[in-house]
Each structure stands twice: as structure tokens, then as C-alpha cells.
Amino acid sequence: MACATMSEYGEWQDILVRIRDLLGQTDLEETVKWGAPCYTIQGKNVIGLAAFRDFVSVWFFQGALLKDPRKVLVNAQEGKTKAQRQWRFASLQEVDEALLRQYVDEAIQNQREGKRIKPERKPKATIPKVLSDALRQHGASSAFDKLTPGKRREYAEYIEAAKQNSTKQRRIETILPMIMEGRGLHDKYRK
């Protein structure tokens, strides 16, 4: 599902405005990240707000730490996301401002207290043989070794995910210049 900004989904405008007004009454600072409103304290992400095709979502970056007595929070990426949780609204009538404010206040307090779920460190990347051979053949091994462990892992996973050898070869041809320039696979999405 694609995420949209407030003005892109007119049908969600009322919900977005109501929730944004509620968040504006807190100590959270509003900013825009990933093209959507994001609410922070001391530069740390606390809450995000976005409209999707079927609902509006308030996501709590450390939502797994919230008590959630009403069981309204969902993990949008089961198996991937450890801390983040969403509360989804499909109509304006579903927005219980008093209850939402309780969740928001708890999230703010947790952030102030420094409570957080730390992401698990991924193991060192295993470089596929086809990639290491290509790096050696094209004199790119030292450039690859200079990349951060995360960038090396992204490249290794990108090549490994290809099913066919022809696809792996095309991907290698694409990434070799990026590696030589010291760029990561997903750098264009990073600040």
C-alpha cells in the first residue's frame, strides 16, 4: 500500500486534521520524514501519521512498549518490525481522541525516559561467490571492503536474492560502478 501526504487523499482529510490537531497539543515537534508528518522529541521519532488506500495510520516508533489495553495496535510488518506499531482508522468515528491521547502521552513519556527496543544486529554479510569473483575480476574488492558493513550486506543480499544466474550477472553489472564510487545500493533514499 502506498503512503500519501495529507492533501493527496481527500477522503482522509478529516481524520488526518483531527489527529494532527491532537498531536499539536502535545510537546511533540512536527516535521516531515518520508513524505509524511513525523512527530519527535529532542530529534527522536515518536509518532508518524500517514494515509493509505484503506485507512489512516498513526504509528508509534516504539509502540511495542505501549501497554495497549484496548489491543488497537498492530505490527504492520510481522517478522521484520520489532518496535514499531500502528493504530489504523478507517473512519472519523473510530478516532477516540481521549484514548489516542493516552497512547500518545505514554509514547512521549517512554521517549523521555529513554525506553526503546534496540534493533538486533545483523550477522556479518556472507558475500556470494559470484559477487566476490566479479569484485576480484574488476579490481573492485578494495572499494567493496571500504563500504560500511550495512552497505556490503545490502549488495550481498541483492545479488543473493536473484534466482537466475543471468539476473545475478545483470545486477552485478549495475552495482559495480556504484561500488567503485563508494555508494551504497540504497544511498539515493538516504539523506
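Predicted model: local features only at pLDDT ≥ 70, side-chain atom pairs only at ≥ 80, totals over all residues.

Visitor: What does Asp27 pair with, and how far apart are the closest N and O atoms?

Guide: Asp27 forms a salt bridge with Arg112, and their closest N and O atoms are 2.6 Å apart. Asp27 sits in the loop between α1 and β1 (29-33) while Arg112 belongs to helix α2, so this pair ties together parts that are 85 residues apart in sequence.

Visitor: Are those two buried or exposed?

Guide: Asp27 is exposed, with a relative accessible area of 56%, because the exposed class begins over 50%. Arg112, at 46%, is partly exposed.

Visitor: And Arg18, what is its partner?

Guide: Arg18 forms a salt bridge with Glu97, with 3.2 Å between the closest N and O atoms. This pair also links distant parts of the chain, since Arg18 is in helix α1 and Glu97 is in helix α2, 79 residues apart. Arg18 counts as partly exposed at 31% relative accessibility, and Glu97 likewise counts as partly exposed at 35%.

Visitor: What about Arg101 and Asp105, how are they placed in helix α2?

Guide: Arg101 and Asp105 are four residues apart in helix α2, so about one helical turn separates them. Their side chains meet in a salt bridge, at 2.8 Å from N to O. Arg101 is partly exposed at 26%, and Asp105 is partly exposed at 34%.

Visitor: Changing topic, which residues have the most contacts inside the largest nonpolar core?

Guide: Those are Ile19, Leu28, Ile47, Phe60, Leu100 and Val104, in a core of 27 residues. The elements giving two or more residues to this core are α1 (13-24), β2 (36-41), β3 (44-51), β4 (56-60), β6 (85-89) and α2 (97-112). Among them, α2 gives the most, with six residues.

Visitor: What does Ile19 touch?

Guide: Leaving aside residues up to four places away in sequence, Ile19 touches Leu49, Val56, Val58, Phe89, Val95 and Leu100.

Visitor: Which residues does the second core include?

Guide: The second core is separate and has 15 residues, including Phe144, Tyr155, Ile172 and Leu176.

Key: Residues numbered from 1 in each chain as written. Heavy atoms only, no water. Core = buried A, V, L, I, M, F, W, Y, C linked by side-chain atoms within 4.5 Å. Buried < 20%, exposed > 50% of the residue type's maximum accessible area, 1.4 Å probe, protein only. Contact = heavy atoms within 4.5 Å. Salt bridge = Lys/Arg side-chain N within 4 Å of Asp/Glu carboxyl O.
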